[in-house]
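Me: I would like to learn how to read a few features of a protein model. Could we take them one at a time, with the general idea before the case?

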Amino acid sequence: MTQVIVLNGGSSSGKSGLARCLQAALPDPWLAFGVDTLIQGMPASMSGSETGIEVAPDGGVAVGSSFRALEEAWIEGIAAMVRAGARVIVDEVFLGGAASQQRWQKALGGLRVLWVGVRCDGAVAAGREVARGNRVTGMAEAQADLVHQGVRYDLEVDTTHAEALECARIIAAHVH
């Protein structure tokens, strides 16, 4: 039985909406947590900090040692919830590609995980980014392909033209 669904995609690729649709499409209750939840939970002093998280004017993202330490604890915490019986959908942005996936694989060892690549054309994601109004312009385009480099998936969906509910149904069909 699948215990964790990891959605990896760039900013504005539609992961959060997809996670909500998955919660509605799956028969059992699933918790959903995104990397944005982690960032929002961090102290404000870590935003724009060399040891925290910095977003460049062009949308590039750099993370430091304090961010990594809190991220590791967060990942382990999610793994602990799953081991305690919760089913979890993770909405992630693997800025480090394969290295990011490996951090999750280590924490989720022994659990049944469905790895899902959420692709979206960079230009379409950039349009969504502008419409949202709460992102640094350029982030979506910069991350569209970067986050998938070296990452291995069980399944990929493309939200460029497909609606979130349609993609959620495809993913739900692979949850056993």
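Reply: His148 counts as buried, since its relative accessibility is 6%. Here buried means under 20% relative accessible area, exposed means over 50%, and partly exposed lies in between, with a 1.4 Å probe and protein chains only. The model is predicted, so local features need pLDDT of at least 70 and side-chain atom pairs count only at pLDDT 80 or more, while totals for chains, interfaces and linings use all residues. Residues are numbered from 1 along each chain as its sequence is written, and side-chain values use heavy atoms, with hydrogens and water left out.

Me: Where is His148, and what does His148 touch?

Reply: Helices (H or I, at least four residues) and strands (E, at least two) are DSSP runs, numbered from the N terminus. His148 sits in the loop between helix 6 (139-146) and strand 7. Contact means heavy atoms within 4.5 Å. Leaving aside residues up to four places away in sequence, His148 touches Asn8, Gly9, Gly117, Val118, Arg119 and Tyr153.

Me: Is Thr159 buried or exposed, and which residues does Thr159 touch?

Reply: Thr159, in the loop between strand 7 and helix 7, counts as buried at 5% relative accessibility. Not counting residues up to four places away in sequence, its contacts are Ser13, Val118, Arg119, Cys120, Arg128 and Cys167. For Val118, the separation along the chain is 41 residues, and the C-alpha atoms of Thr159 and Val118 are 7.0 Å apart.

Me: Which residues of helix 1 are buried, and where on the helix do they fall?

Reply: The arc to read is that of the directions from the helix axis to the C-beta atoms. In helix 1, Lys15, Leu18, Ala19, Cys21 and Leu22 are buried. Viewed down the axis of helix 1, these buried residues fall within an arc of 165°, so they line one face. Arg20 and Ala24 are exposed on the face turned away from the buried side. The cover over the buried residues includes strand 1 (4-8), strand 2 (31-34), strand 5 (88-92), strand 6 (113-119), strand 7 (155-158) and helix 7.

Me: Which residues of helix 7 are buried?

Reply: Cys167, Ala168, Ile171 and Ala172 are the buried residues of helix 7. They cover an arc of only 140° around the axis, which puts them on the same side of helix 7. They pack against strand 1, helix 1, strand 6 and strand 7.

Me: At what angle do helix 1 and helix 7 cross?

Reply: Axes are lines fitted to C-alpha atoms, for helices over the stretch in contact, and angles run from 0 to 180 degrees between N-to-C directions. The axes of helix 1 (residues 15-25) and helix 7 (residues 164-172) come within 8 Å and cross at roughly 55°. That makes helix 1 oblique to helix 7: angles under 35 degrees count as roughly parallel, over 145 as roughly antiparallel, 65 to 115 as roughly perpendicular and the rest as oblique. The crossing is right-handed; a crossing is left-handed if the near helix is turned anticlockwise from the far one by less than a right angle, and right-handed if clockwise.
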